[in-house]
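Here is a friendly look at the aromatic rings of one protein model.

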Amino acid sequence: MLRQVWRRSVFKTFTTRTAGSLTAAFLAAGSPRWSSGGLTGGFKGILHPPSDRSQRLLQPQPARYLSPSVFISMASGGDQATSTGHKHTNRLAQERSPYLLQHAHNPVDWYPWGQEAFEKAKREDKPIFLSVGYSTCHWCHVMERESFEDEEIGNILSNNFVCIKLDREERPDVDKVYMTFVQATSGGGGWPMSVWLTPDLRPFIGGTYFPPRDQGRRPGFKTVLMRIIEQWQSNRAALESSGERIMEALKKGTTLSANPGESPPLAPDVANRCFQQLAHSYEEEYGGFRDAPKFPSPVNLMFLISYWSVNRCTSEGVEALQMVMHTLRMMALGGIHDHVAQGFHRYSTDSSWHVPHFEKMLYDQAQLAVAYITAFQVSGEQFYSDVAKDILLYVSRDLSDKSGGFYSAEDADSIPASGGKEKREGAFCVWTASEVRELLPDVVEGAVGAATLADIFMHHYGVKEQGNVAPEQDPHGELQGKNVLIVRYSVELTAAHFGITVEKVNELMTSARARMAEVRNVRPRPHLDTKMLASWNGLMLSAFARVGAVLGDEALLERAVQAGGFLKEHLWDPDQQKILRSCYRGDQMEVQQISPPICGFLDDYAFIICGLLDLYEATFQAEWLQWAEELQTRQDLLFWDEQGGGYFCSDPSDGTVLLRLKEDQDGAEPSANSVSASNLLRLSHYTGRQEWLQKSQLLLAAFSDRLTRIPIALPEMVRALMAQHYTLQQIVVCSQRNSPDTASLLSAVNSLFLPFKVLMHTDGNPGSFLCQRLPVLTSMTQLDGTATAYVCQDFSCSLPITEPQELRRLLLDRTAVPEAD
């Protein structure tokens with residue numbers, strides 16, 4: 001349904017003649033005839049969408065026939081263990097990316113992305129084979145095992161192509177360019193991504209996963225390689241010409257800019273349309289947006305709860321809130337939530353959140369922690385705050401480096417505890433009924449029928465003797481006889497069923513989960529991607545700061561401060577005044593950097609700036625606000641489009657990146673432009689710099705067309721547009737920073753969801769960072785030496801407030817019916 005809505009308008013620029021010429025060039029006389037329409041474009045029975053980044057294009061598709069510019073679209077997840085024989089070793093052995101290291105012993109002459117490979121291609125006049133993936137991508141490593149570890153295919157690749165392996169998480173700028181090409185020429189995409197380039201880096205054929213040998217109408221990778229070699233030699237001009245036309249069309253079609261004098265669209269209209277589009281795609285029984293597969297989609301949830309905050313007296317506002325709370329509750333009860341070892345898996349393959357794709361991504365944990373703590377602010381239900389703490393417990397335990405940084409991901413696949421060399425999806429997480437019975441044999445005193453702890457646990461979590469995974473959710477038979485834990489009954493119903501108290505059930509389930517966690521800890525662990533990315537660390541910085549602030553949890557706030565320190569020490573180059581994209585855990589658990597390091601991209605700056613602003617509001621430590629101001633200045637210098645407004649995703653001066661793209665979708669992560677629109681607005685209030693307010697408006701104007709027509713593609717940017725419309729409240733606390741009365745006022749503010757506010761602190765020192773930027777703060781003083789709050793909006797301020805409950809009432813009154821323009 002939404003696939004039609006979300007299709008890029010640029011695809012309309014491709015004529016049948018362009019696609020046909022590419023097809024004709026590849027399927028020249030003498031080529032095998034797989035079908036009259038071209039090569040096979042997909043497999044039946046794919047349950048997992050191939051991309052966690054784009055849900056508008058990368059939907060699971062039935063078998064179909066496409067132009068040969070893209071061939072087969074497959075799913076993501078998992079990894080394949082590196083061969084221990086080391087018969088072959090290539091240049092990737094010198095890299096630090098876990099994904100590249102996984103390919104260091106392929107019989108392929110791999111190069112990392114860089115000048116050495118480019119110069120070789122030009123010198124030898126060979127096409128480039130670019131293979132893109134990431135370390136927890138299941139089908140990336142299926143293709144590695146089937147094709148890249150194959151000696152014959154390795155020789156074909158090495159002798160006829162310059163082969164480049166790329167980690168998409170290290171170089172999202174390169175990935176975006178060639179994924180745009182693949183999507184534009186096929187309407188689909190995903191990882192692994194396979195693209196063939198000219199020596200000057202221009203793509204001419206692209207696809208995703210290939211089986212190694214022909215499978216009926218599906219061309220095998222070897223066959224594809226041989227046809228490309230033949231066509232490169234005999235029909236090169238046609239290949240290059242078709243690819244060039246597509247790239248030129250992409251350059252025109254991906255341009256986003258504001259017209260001279262254009263203003264952003266009207267926020268209420270855009271927000272209403274975004275709500276209607278989300279409501280249309282909402283699945284009422286289990287929550288979420290579409291039937292299956294289901295992604296958490298935190299950007300949708302945060303928009304809806306912000307929409308409710310300004311429409312709470314309307315039926316639409318009530319519906320928006322219900323959609324959020326129901327979705328978050330059903331996710332937390334579902335199998336997508338790890339009930340034994342905390343955190344959330346990537347997505348659910350079914351509509352009931354039961355059977356997940358088992359990988360765990362850092363960016364999901366960060367955004368979901370914020371969504372759950374926001375639900376707690378709105379509802380006051382401890383259930384939601386417990387889930388937020390649960391997520392951060394997982395991250396602190398399993399995704400944290402001693403330096404203060406956060407690792408990227410944990411894999412879906414692992415070696416089963418029962419033995420064997422073959423990794424299986426979910427092996428670390430699932431249980432047989434016999435395992436549960438053996439582990440939890442205790443008879444529970446007072447329970448009906450002398451029930452054991454296993455009986456109660458299995459009832460509550462839906463454990464069945466034959467396993468609880470339906471065959472259609474397990475196409476490879478990896479979960480046969482296994483159980484994915486999912487809460488089937490409320491604690492109250494479970495207590496009634498066994499004739500015991502609710503408190504007893506809670507106590508028993510806590511004990512049972514702890515025992516099961518001990519058993520899981522001795523199972524072979526999934527692969528851990530220990531790459532530390534600046535952008536994802538910025539997202540997690542926000543999570544710890546915001547959850548810690550709402551709960552008044554000093555340990556969480558200390559972890560947030562540690563994360564901020566990590567970013568400044570390890571991912572900031574003070575000499576070049578640039579953010580670095582990534583760093584790595586070394587063999588001795590030290591933090592390592594590659595040489596030369598990868599410079600940061602737009603999302604690195606935007607997400608860190610947002611995290612620093614959240615950290616400042618949680619701690620009132622001005623150093624974080626000051627660094628945010630410095631980083632925003634650098635971001636403007638590096639990425640701002642002076643002609644059209646908005647930010648390019650990467651440094652436009654990099655000649656190896658062929659398209660100057662502006663991300664135009666909030667997907668698994670919010671787009672950096674969406675986050676920047678909010679950052680600029682917040683910073684304009686903290687610093688008094690009106691040019692940042694104007695930049696925010698120009699940015700929103702550049703995306704006017706998309707915001708107006710399909711705001712569902714940019715729910716995070718719609719939130720920024722709403723913040724512009726309703727104007728931010730400035731909540732100023734005048735006090736000694738660490739005093740108990742300051743903490744009381746902060747607690748009152750943080751108990752509420754206030755989506756359109758900035759929170760600032762002054763101790764009356766005219767030389768402080770904020771007073772230097774906002775001299776008006778020097779006129780705000782404490783009453784009788786007590787912490788005092790002022791609430792300001794549209795150049796007028798409330799009377800001074802010293803009582804936390806009075807402050808809370810005032811903020812509630814001001815948000816009940818916001819003033820519209």
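In this predicted model, 30 aromatic pairs are counted. Rings of Phe, Tyr and Trp (its six-membered ring) pair if their centres lie within 6.5 Å; planes under 30 degrees apart count as stacked, over 60 as edge-to-face and the rest as tilted.

Helices here are DSSP runs (H or I, at least four residues), numbered from the N terminus. Phe275 counts as buried because its relative accessibility is 1%, and Tyr307 counts as buried at 3%. Buried means under 20% relative accessible area (1.4 Å probe, protein chains only).

Tyr616 and Tyr686 make an edge-to-face pair, because their ring centres are 5.6 Å apart and their planes stand at 85°. Tyr616 is in helix α21 (residues 602-619) and Tyr686 in helix α23 (residues 672-687), so the pair ties together parts 70 residues apart in sequence. Both Tyr616 and Tyr686 are buried.

Ring pairs also join Trp110, Phe129, Phe148, Trp196, Phe210 and Phe221 into a cluster.

Now to charges over rings: NZ of Lys or CZ of Arg must be within 6 Å of the ring centre and within 35 degrees of the ring normal.

| Charged residue | Ring | Distance from ring centre |
|---|---|---|
| Arg523 | Trp431 | 4.0 Å |
| Lys695 | Trp640 | 5.0 Å |

Residues are numbered from 1 along each chain as its sequence is written. Local features need pLDDT of at least 70 and side-chain atom pairs count only at pLDDT 80 or more, while totals for chains, interfaces and linings use all residues; side-chain values use heavy atoms, leaving out hydrogens and water.

Technical notes:
Buried < 20%, exposed > 50% of the residue type's maximum accessible area, 1.4 Å probe, protein only. Helix = DSSP H or I, 4+ residues; strand = E, 2+ residues; numbered from the N terminus.
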